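Subject: Structure handover

Hello,

Here is the structure you will be taking over. Please open it next to this message and follow along.

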Protein chains: 2
Amino acid sequence: MSGEQELGITESKEYNTGEWYAEVVQKAKLADYAPMGGFIVTRPRGYELWERLQDHLDGWFKETGVTNAYFPLFIPESYLEQEKDIVEGFDPEVAWVTHGGHEELEERLAVRPTSESIITPYISDWVRSHRDLPMRLNQWASVVRWEATETKPFFRTKEFLWQEGHTAHATDEGAWDEVMTRLDQYAQLYEDVLAIPVLRGCKPDHDKFPGADTTTSVEALMPDGKSVQGGTSHHLGQSFAKAYDVTFTDEDEDEQTAYTTSWGLSWRALGALIMTHSDDQGLVLPPALAPEQVVIVPIYNDENKDEVLQYGSEIAAELQEAGVRVHLDDRDERNPGFKFNEWELNGVPVRFEIGGYEVEDEEVTVVHRPDGEEVVEDRADIAEAVDEHLDAVFDKLYAAAEENLVENVRAVEDVNEILGTIGQHGGYVKTPWCGDEACEEAVKEKVHAEIVLVPMDDEDVPEAQLEDGEALELESNECTMCGEPAEEVAYFAKTY
Amino acid sequence: MSGEQELGITESKEYNTGEWYAEVVQKAKLADYAPMGGFIVTRPRGYELWERLQDHLDGWFKETGVTNAYFPLFIPESYLEQEKDIVEGFDPEVAWVTHGGHEELEERLAVRPTSESIITPYISDWVRSHRDLPMRLNQWASVVRWEATETKPFFRTKEFLWQEGHTAHATDEGAWDEVMTRLDQYAQLYEDVLAIPVLRGCKPDHDKFPGADTTTSVEALMPDGKSVQGGTSHHLGQSFAKAYDVTFTDEDEDEQTAYTTSWGLSWRALGALIMTHSDDQGLVLPPALAPEQVVIVPIYNDENKDEVLQYGSEIAAELQEAGVRVHLDDRDERNPGFKFNEWELNGVPVRFEIGGYEVEDEEVTVVHRPDGEEVVEDRADIAEAVDEHLDAVFDKLYAAAEENLVENVRAVEDVNEILGTIGQHGGYVKTPWCGDEACEEAVKEKVHAEIVLVPMDDEDVPEAQLEDGEALELESNECTMCGEPAEEVAYFAKTY
Ligand SMILES: [Zn+2]
Ligand SMILES: [Zn+2]
């Protein structure tokens, strides 16, 4: 089977995670590197994942009152600077447009790093009365942040695709509901579509979005023990509304200041997806996002070729009719082994193998991508059976990711143990914390772990979603780092 | 009815077309002007039109083998310059990024004005064998062209949204099929979705896309007599393939150079839509794009209010069930007259009026937006009847636009008459032409009209699509401008 060596994954997920990730992204044709460091080219198979993710999230947004809009790619420097009223020492790492054609611009334009500073003034214009609220705007766009880091497709790129929602509300409560609605939708996307369980929580005060009252996030634990911030939803309180004069007349004709939120999820979700489920054979995809959900590989010789291909195309037609994304790989120039490997590399959740025996016995051999489990199904029931197999693949992916998460949340009440646990196992370490950034710093400088979340309130500990959450209760009421009274429970982890 | 004055359109489409257009765009909440000249903010009602347009076109693309991808927003200057091999004196009017954060970049980056120069090198990388062809990539993206013109939302903006398709083929014929497939899909979009008949043709050689063998376009005639280039599809021959080394091994293992195409359609289509159908009452939308297809306005007094609203909400539920986008305007603080005006301004194709009489007689008064035609329908048949009314509105819009087009294609064989006809009527003037740019210039400098298209071949005159095309035959075989033998038939028009 020549060509196989070149086609397959050569790096090990366990021992060379970074190189393995880069190899999967490229060999599964999801993305390539652009000529400029920090940029990537998203190939059709990668972009299709993004489109399907968008379909889910955009549908939920629209069902819950969000309207899409499009704001300019560029933001005048003076608009960005207006945020200085809110954010002390604001110093944007942005790409600057200084010339249009041959002319130098009078005012530099920032390529949008995020759009609060251009969207909020328009919300201010458009909102007059309480009847205009809530106003919920979202845009799907690309943003640029000029950070000098190593390129990691979907995880770390100077330009990335995302959605950014911006809303205004008459009340603080309305804004809070909004923040939580979007956070829940992000969690739903990870859990129900990407098959990745997440923890929900708040960021520590010193790590909030600049100007925000509260930043909430969903966090996903990768198999290498690092946490990915999977999406953020910010309660901006009235700070942006005051800076940009977002006011409205209430029912009594009195002028009030609105409350605003913003929330965003980027293609980093695709990075988390690839990193979580894929293996040393290549990409592994949950059925909801897979370009092909089922691939049919016919196994034939000169004598039974027509018969086998006919059998395969009838099955393909029946599945397609039933709404399944199916592909019959009838290439004559490749043998079945090559095809098995290639479709495993491409992450197709379910493979049908059909050969002389299957045709004769009116059966189909069904193989699950994640674990290679083989089941023989009757041909007659195949359209029904396939849904069960797709669900079974989803369940296997979710269960493996959940096991990784559950096993890697640890309660620790000793600084050295924090360092040791994170150094040895990665994952989340929860510990009592006084709330002081210096106490985070003490851990950070030794193991490069930071506080990725704090529970939203006492009754809402993140791992309450996990079955054995009770085992993780903390006993001490003192900050593990400094011994002062603990205000919060901090979840430390290494991050992407 | 206070507030109506402020709400309604004050400019005249016939006498102040430019001001009227700007007023419709803003008052129907489609777009606002951005702080920087040349940029706009696309509001939810405008963006929804774009989303529906995308849904149609993207669906047709995918049915015909196109895959979406995403290439970087920025293109290194050296990549753009590589086009100089193809295009003499290439001098891009682009926005230049010169700084990232506080650092000056080593190489300037152009904000993409179009993506041939970044996409073609990747196609070159990805195409190895004839089995990789045709390769069809498309991206939905924003592009920036730094042209110093007055801002006209959707028609003239420095940043605009579009799709750009880029394909490679093994044969010249394959590339031509591609060019025509996309041109036909553009025509289908205009004619079947936007209710705007278009002419199809080629651009004169001197007005082709730089480096193209042939540029084809669809052209739509606006009510003010100017032509809009509605979408372009370029046969790039082998020039880009040679410059960027897009080669493949054919079935005999010989190396061959591919043929490439590119094709694009921008939000200018929305400009044409607004300009074509709207009137002095505001926006007029064809049903396929309208955010609301039907608005129900209840007319009630204190005594029958509950009854009328109940009647209205039952109808709304029934229509929604039938897949119609319907809105019941039950606002208590507005009277029916205000609502009529507002929904007319917003372009809702069909209005249902329901009051005491309608409830009593189990009827619905149906009003068509374009001409105010009123029809009374039985309540029982309303779900079926509504489709006919939506179709009727579409037909009225198309018929009016077609009439404008048919009446404004004129055959002229005298230079002064060309000038006079265009000056007086606008529209298209067809005339024999030698093919020399100087002869276009002779007309252009006097009436600012240019050659917007030439027929693709003798049997494919654009207005063959129009019923009375025969009446427009030309008699002379000499160029109207210079008297040399005529090579082509030129269609002159003023343009947007
Ligand atoms: Zn402390
Ligand atoms: Zn001439």
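Below are notes on a metal site and on a helix pair. Please keep in mind that this is a predicted model.

**The zinc site**

Start with the zinc ion (ligand 2). Four cysteines of chain B coordinate the zinc ion through their SG atoms: C434(B), C439(B), C479(B) and C482(B). The distances run from 2.2 to 2.3 Å. The site is tetrahedral, with angles of 104 to 114° among the four donor atoms. For reference, the ideal angle for four tetrahedral donors is 109.5 degrees.

Along the chain, the donors follow the spacing C-x4-C-x39-C-x2-C. Distant parts of the chain are linked here: C434(B) and C482(B) are 48 residues apart. C434(B) sits in the loop between β21 (428-433) and α14 (437-447) of chain B. C482(B) lies in the loop between β22 (450-453) and β23 (488-495) of chain B.

Are these two cysteines buried or exposed? C434(B) has 15% relative accessibility, so it counts as buried, being under the 20% cut-off. C482(B) is at 36% and counts as partly exposed.

**The helix pair**

Now turn to helix α3 (residues 44-63) and helix α8 (residues 268-277), both of chain B. They pack at an angle of about 110°, with their axes 10 Å apart. That angle falls between 65 and 115 degrees, so α3(B) and α8(B) are roughly perpendicular to each other. Their crossing is right-handed.

Which residues meet? From α3(B) come G46(B), L49(B), W50(B) and L53(B). From α8(B) come A269(B), L270(B) and L273(B).

Best wishes

Note on methods. Residues numbered from 1 in each chain as written. Chains lettered and ligands numbered in written order. Predicted model: local features only at pLDDT ≥ 70, side-chain atom pairs only at ≥ 80, totals over all residues. Heavy atoms only, no water. Donors = N, O, S within 2.8 Å, 3.2 Å for Na, K, Ca; no water. Tetrahedral: all angles 85-135°; square planar, octahedral: opposite > 155°, others 65-115°. Helix = DSSP H or I, 4+ residues; strand = E, 2+ residues; numbered from the N terminus. Buried < 20%, exposed > 50% of the residue type's maximum accessible area, 1.4 Å probe, protein only. Axes fitted to C-alpha atoms, helices over the stretch in contact; angles between N-to-C directions. Parallel < 35°, antiparallel > 145°, perpendicular 65-115°, else oblique. Left-handed = near helix turned anticlockwise from the far one by under 90°. Contact = heavy atoms within 4.5 Å.
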